[in-house]
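Subject: Structure handover

Hi,

Here is the structure I promised to pass on.

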Amino acid sequence: MHTFLNDPVDVTVDFANKRIQPLSIRWDGKTYAMKTVNLVHGAREGSKRIFYFSVSDQTNFMKLRLDTETLEWRLIELYTD
Amino acid sequence: MGLRRGPKNTTMNKIILHLDFNSYFASVEQQANPFLRGKAVAVGGKGRGSQLERTVITTASRQAKDIGIKTAMSSIEAKRLVPNLKIVSGDPKKYSEITKRFLSILKRHCDVVEQFSTDEAFGELTYAAGDYFGATMIAQIIRAEIAEECGEYCTVSIGIAPNKLVAKLACESQKPNGLTVIPPDKVSAFVATQPLSAICGIGPRIESRLANIGVTSVLTLRKISLENLRHEFKSYGDWLYAAARGIGDDVVVDGKEAPKTIGHSYTFPHDLVNDVEIQTNLLALCDKVTWRMRRDGFIAGKIGIYVRYQGFYGRGAQKNLSEPFMDGLELFSNAWKLLSTIRNKNLPIRLLGVRASGLIKTNIPAHLFPKQNKVHKTLKALDTLQTRYGAGVWMRASTMNTNFYERTSGWHYDHEI
């Protein structure tokens, strides 16, 4: 099941080797511990830099959007096998 | 493109690398989402969710290709063939980042790099590698760095040869994940083993014309004299004669040329019938074109318009204007007049395209009259807004109902232009 969302989420991250790694995501009253960061890509919205994190655990794929200006995280895609 | 240029006479054998991603968009999607790996996946052209039911397949995963899914197939046809095919919406921002990453890796290792498409590039290794052994080592390093920086699911095929034609042919000969090295003394024998359709520059039409004169393979093509090929194909005969012998362009060109035209076209999700719908969409296209002109510092003196109906029948026209323009409304009013002269009003419109040419690099010229100056100031303010906040920050009230979905494929990504 593939769902497109735009929900604000709380994300716990690790800063290591000049990289940000999302560790867990708090969404809809539940906490999801992420196992792997599969891809990180950036894009510009005007002069604003946005980063997208494609992360997954054993059963879910999540795409997160980080707005570097507001430091707001949003869950924008959820895929469950 | 460069491959179709005539061969250059160079005094030394060059070493050219051609790199091509395997099932590019699908592999990137499988890299991002591990639950798609190993499955028949296709990437749709535009839109998402229910819009994917009426899309065109831009890329199929290796697994999907194995069971008959092809690029440009309609999603309806693909689903009929493979009911459990997973069609995902394309994400151009993701693909453009991977394109930038692999080009940056190539630039680290090659003397010169020429981008050939979103997922293909040529690199010259003559000085960086020195010989074919060195070139093979560099190719392996490039492949490892791509796995590291783009993801291990993003695999590439690489061909190395003395020119671009044979490097691309070598690259295509072994997929996925191939590395094919053709040194100069092996070129002739290698090309002879390849099907005519594998040669970049021989499409279905040329292949069919060749078949009409009894040419069905590289070996039979070699038997045709240059005079006969010229007689049949005019100047293209020279290129065919050289290609059959593995002789091709070996000049890798870096850098971008200044644009000659700036245009935008769009295939609509449903065909346009009434004038208001056509006008609002044309105006939105004109705003996109003129924004890019102003952003890159151009004014234009010529416009072009193209319309395509159902059944892929289309018509185009162009016109010189008495005054240069850089405002979407000015472009629209001229484009609408031009469209009205060529349009068949009985046919619904499937695609509209508008283009500005006769480009002159200059700042937005100031006008003599107060009304024009007001427009000039407004445009400047709107451009400042768009530079700061991105596309979509403003639109004309009349274009509020237009919505152009980002295209997945093509030479440019929509969010970058």
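Before the findings, one term: two residues are in contact if their C-beta atoms, placed from the backbone, lie within 7 Å. With that in hand, take the contacts in chain B between residues at least 6 apart in sequence: 65% of them join residues at least 24 apart.

Some housekeeping. This is a predicted model, where local features need pLDDT of at least 70 and side-chain atom pairs count only at pLDDT 80 or more, while totals for chains, interfaces and linings use all residues. Residues are numbered from 1 along each chain as its sequence is written, and chains are lettered from A and ligands numbered from 1 in the order in which they are written.

Chain B overall: it has 15 helices and twelve strands (DSSP runs numbered from the N terminus, helices being H or I with at least four residues and strands E with at least two). Its C-alpha atoms fill a box of roughly 70 × 50 × 45 Å along the principal axes. Of its 417 residues, 37% are buried, meaning that 20 or more other C-beta atoms, placed from the backbone, lie within 10 Å of a residue's own.

A hairpin of two residues leads from β5(B) to β6(B).

Over in chain A, there is an open sheet of three strands in the order β2-β3-β4, with antiparallel pairing. Its edges are β2(A) (10-16) and β4(A) (30-33), each with a single partner strand, so one side of each has no neighbour in the sheet. Seven bridges hold the antiparallel pair of β2(A) and β3(A), residues 19-27, and A:Asp14 stands opposite A:Gln21 in β3(A).

And where do the chains meet? In total, 17 residues of chain B are in contact with 14 residues of chain A. On chain B's side, α1 (24-32), α4 (92-109) and α15 (370-389) each give two or more residues, and α15(B) has the largest share, four residues.

Cheers

Terms used: Pairing = 2+ DSSP bridges. Buried ≥ 20, exposed ≤ 12 C-beta atoms within 10 Å, placed from the backbone.
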